[in-house]
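I am opening my notebook to look up a few local features, and I will write each one down as I find it.

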Amino acid sequence: MKKKFIAVLLCLSALSLLIVACGSNTSASSKPNQPTEPNTVHMSDLQFSPTTITIKKGESIKLVNDVVVTHIISNGTWDNGTAKPKQEAGAPKININVGANDTQTIGPFNTAGTFQLYCPIHVNMNLTVIVK
Ligand SMILES: [Cu+2]
């Protein structure tokens with residue numbers, strides 16, 4: 001009697017493990033459009049996320065605008081509330097509009113170094129790109 005009870009319990013726990021395993025498989029395959037994306041920077045209303053990204057020489061960066069606000073991405077930085085355009089030596093020239101929920105690619109960054117990008121219409125919206 002007791003043995004049968006334990007056997008039933010073991011079956012039930014094995015079954016629940018199976019269900020859990022199947023469940024995680026299903027959720028992973030149900031998001032084919034959202035793999036873990038390397039070299040991707042997201043944009044919200046007023047900022048980049050992350051604000052600093054490290055990539056390898058020769059790689060590009062995918063910019064994903066998650067909001068309906070249009071951003072302008074160009075070479076430069078906000079310095080204490082003042083927009084300062086500048087293009088470091090070795091930086092690719094960037095001057096693009098990223099519209100509502102749009103995705104754009106910048107680069108490739110072919111020179112190692114630290115490069116400042118910003119959105120000149122949103123105060124303090126800075127992105128630092130470190131190329132190694
Ligand atoms: Cu912006």
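Predicted model: local features only at pLDDT ≥ 70, side-chain atom pairs only at ≥ 80, totals over all residues.

Residues are numbered from 1 along each chain as its sequence is written, and side-chain values use heavy atoms, with hydrogens and water left out.

Entry 1, the metal. I looked up the copper ion and found that His-71 (ND1), Cys-119 (SG) and His-122 (ND1) coordinate it at 1.9 to 2.1 Å. Donors here are N, O and S atoms within 2.8 Å of the metal (3.2 Å for Na, K and Ca), and because water is not among the atoms, sites may look incomplete. Along the chain, the donors of the copper ion have the spacing H-x47-C-x2-H.

I use buried for under 20% relative accessible area, exposed for over 50% and partly exposed for in between (1.4 Å probe, protein chains only). Cys-119 is buried because its relative accessibility is 0%, and His-122 is buried too, at 12%.

I found a cis peptide bond from Ser-49 to Pro-50, with omega near 0°, and another cis bond between Gly-107 and Pro-108, where omega is about 5°. Pro-108 lies in strand 8 (residues 103-109), strands being DSSP runs of E with at least two residues, numbered from the N terminus.

Asn-80, which is not a glycine, has a positive phi near 50°, and I place Asn-80 in the loop between strand 5 (71-79) and strand 6 (82-85).

Methods: Helix = DSSP H or I, 4+ residues; strand = E, 2+ residues; numbered from the N terminus.
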